[in-house]
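Work through the exercises below with the model open. Try each task before reading its solution.

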Amino acid sequence: MEKNDDKDPDHNDQSKGEEKSEVVADAHPPDESDGNSKENVDVGNAETEHDPGENVEKVDSQGEEVQQTLESLSEELDQLLSSLSLHKEKHKDDTEEKGKEDDDYFQIPQFVGKFLDLLEDKLSKYDSGEPKTVWYQDQEEVSSLLEAVDRVSKLMGLLLNTKSCLDHHEPLINHAGSIQQRAMAFLEDEFRILLEESVIKESTLSTEDSSSQRRSSADQQDHQNDVVVSQDQDQVLVPEGGDKEIEYPGYSEDVVVLLRKIAEKMKAGGYGWECREVYLVGRRNILMRTLKHDCEFEKVSIDEVQKMSWGELEREIPIWNKTFKDCSSRFFPGEFKLAEKIYPGDEGSLFCIITHGLTIQFLGFAEAVAMTKRSTEKLFKILDIYETLRDSFSAMEELFPEELCSELRNEVTSARSRLGETAVYIFSDLENSIKSDSSKTPVPGGAVHPLTRYTMNYLKYSCEYKDTLEQVFKSHSKMEQEEEEEPAKSGNSDCSAFASQLMRIMDLLDGNMEAKSKLYKDIPLSCIFMMNNGRYIVQKIKGSAEIHEVMGDTWCRKRSSELRNYHKSYQRETWGKLLGFLGHEGLMHNGKIVKPNLKERFKSFNATFDEIHKTQTTWVINDEQLQSELRVSITAVMIPAYRAFMARFGQYLDPGRQTEKYVKYQPEDIEDLIDELFEGNTSSSSTATARRRT
């Protein structure tokens, strides 16, 4: 393997031999008369019989030159290394027995220098970009290079630990050391490139069908171009297995094996620490890039969390949840397995260095959220974090050694405790907000109060976290002991801490609505207000299996009974008075109809009905079923009574103008007008007269 093809081989070999003569000149001892020069008779004396400059090529029996390669010299070098090792041990034993140092000179054959030159040439070609194919795509080339580097490392180890070599072969040691250092630098760079650029980004990190993962051809091509193309090469590293799924971190098995071999060779050569540093920096950067790409995660400090608006934090928390869950289920196990494969017996130390700081940062974020200013809208995001820590940390902690696991477990316990206490306090804040809502402005039309809507929607959503809230109140409520006494007094010893809290909030809401109903001067409207709010509450509870389970059927039946009472009160206060005009009392005297009284009765009925219609069309009943039930019940009471009254007394009015003046509505008119009630029509100026039938 000549370096200059344009020169005469013999001349080139001769000049090269002269150039290297200083390196291998100590193949002969300083004192030729020393008997120890015979130590190396069995190893390479064929080489030592020639002048160093003539040992570039071997000559076969026919006189033809045979080109020497790393492979052809490897067997001889292995024999030399074995002999040198035996020599080292022998003279070590002799020195210990004799108690003095002998001259243990060991002759180094010329081919050692040639082996080093060939390895240097190979490294130079790779550094210059030749050959065009990447070296690790050729298995023979991989084996040749790594074995050659390993032999140089073994050679250096023996030379540096054999006294005669240190005394007599310093130029060779320097040359071999330079080659080894260059080889290790090359392997370090290749290790870094393999680590960073052979990740198969299009690997199946999810188990969806491949057809559903296909993108547009342009996007897919762009993505693939990013995947395995080296920055300095135009060749693509294709993993074996074709369609075989590759999980995170996305290296093919061949790449993992090669990374392990490089790490082993670098460690054997005394460069294990440098290789580990490359691994740590590379994998940490890749992990963070993956989290940013897959989860949109970026590190934020506790101070940054404290300064975030709730809108910003509300966007960050789902990202944190997804990232923590994915790290627990995919990324951290993947990092753990990869470190074990590349560094067998590492026992998780590399994995811990890569992931421990990130885990602490995760937990710091959780605690920082718990320490932000409390507000009711934060409850559910806080519970999301609480559940994530509760459900996902167990898989993560199994990856860490016990000493770190204990530390992380304490951190998680602390974070969950802060989050749980914050959730309890937020619920207390909800109670306080109900107590402190003392607005004196009644809701127009007796509609559902905003506080009722907010509270019920809040509780409905809270009950979707029922199991978590049960756990939170049981584990983190400082009021727990006080709450345990209340269920016992009420006879409901099975009532949980969360259920008790929920009942207390419902009682507070009831009391608040009762107080607000008194703001209405019109008693029927007060009843409508209580029916609206009561019906809204019952429907919300019946519509949610979670909250219905907490409140129970007994509570719902009791509330429905209260609604019926408000219904009866409304009908009595509104339509009872109107029904009084349809009675017979005062209309007859001595068996005869008193027409003036009859006329006045019709006039009073008409005026009262008009006023009811005008007023109650502006009232609001949002629940269609309740609205229909009220109209039906009013119709059932009024229409039969009005029809009977008309049949009994309408005939006593003179036909024509008198009838039109006093009989303003037919029964059908009344029925139609009742169906207009509770629409909340505040802009209408029409009266019941506009609907009179002719």
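**Exercise 1. The whole chain**

Task: State how many helices and strands the protein has, and what share of its residues is buried.

Solution: 
- Start with the source: this is a predicted model.
- Count the elements. There are 25 helices and four strands.
- Turn to burial. Of the 694 residues in the protein, 48% are buried.
- Residues 24 or more positions apart account for 81% of them.

**Exercise 2. A helix pair**

Task: Describe how helix H14 packs on helix H15.

Solution: 
- Recall what is needed. Two packed helices are described by the angle between their axes and the distance between the axes.
- Locate the pair. H14 covers residues 379-397 and H15 covers residues 402-436.
- Read off the geometry. The angle is about 160°, and the axes lie 9 Å apart.
- Classify the angle. Over 145 degrees counts as roughly antiparallel, so H14 is roughly antiparallel to H15.
- The crossing of H14 past H15 is left-handed.
- List the contact. On the H14 side, the residues include Leu-379, Tyr-386, Leu-389 and Phe-393. Among those they meet in H15 are Leu-408, Val-412, Leu-419 and Phe-427.
- Sort the contact residues by type. They comprise 15 nonpolar, two polar and four charged.

**Exercise 3. The nonpolar core**

Task: Which residues have the most contacts inside the largest nonpolar core?

Solution: 
- Take the core. The largest one has 172 residues.
- Pick out its most connected members: Trp-135, Phe-191, Tyr-279, Phe-332, Leu-389 and Tyr-570.
- Link back to the helix pair. Leu-389 is also one of the H14 residues that meet H15.
- Look around Phe-332. Leaving out residues up to four places away in sequence, Phe-332 touches Leu-287, Cys-327, Phe-351, Thr-355, Leu-358, Thr-359, Phe-362, Met-396, Leu-399 and Phe-400.

**Exercise 4. Two single residues**

Task: Is Thr-455 buried or exposed? Is Ala-545 buried or exposed?

Solution: 
- Apply the cut-off. Buried means under 20% relative accessible area. Thr-455 has 0% relative accessibility, so Thr-455 is buried.
- Name its partners. Apart from residues up to four places away in sequence, Thr-455 touches Ile-434, Ile-505 and Leu-509.
- Exposed means over 50%. Ala-545 has a relative accessible area of 58%, so Ala-545 is exposed.
- Finish with a distance. Ala-545 and Cys-463 are 82 residues apart in sequence, and 8.8 Å apart in space from C-alpha to C-alpha.

Note on methods. Residues are numbered from 1 along each chain as its sequence is written. This is a predicted model: local features need pLDDT of at least 70, side-chain atom pairs count only at pLDDT 80 or more; totals for chains, interfaces and linings use all residues. Side-chain values use heavy atoms; hydrogens and water are left out. Axes are lines fitted to C-alpha atoms, for helices over the stretch in contact, and angles run from 0 to 180 degrees between N-to-C directions. Helices (H or I, at least four residues) and strands (E, at least two) are DSSP runs, numbered from the N terminus. Angles under 35 degrees count as roughly parallel, over 145 as roughly antiparallel, 65 to 115 as roughly perpendicular and the rest as oblique. A crossing is left-handed if the near helix is turned anticlockwise from the far one by less than a right angle, and right-handed if clockwise. Contact means heavy atoms within 4.5 Å. Ala, Val, Leu, Ile, Met, Phe, Trp, Tyr, Cys and Pro count as nonpolar, Asp, Glu, Lys and Arg as charged, and the others, Gly among them, as polar. A nonpolar core is a set of buried Ala, Val, Leu, Ile, Met, Phe, Trp, Tyr and Cys residues joined through side-chain atoms within 4.5 Å. Buried means under 20% relative accessible area, exposed over 50%, partly exposed in between (1.4 Å probe, protein chains only).
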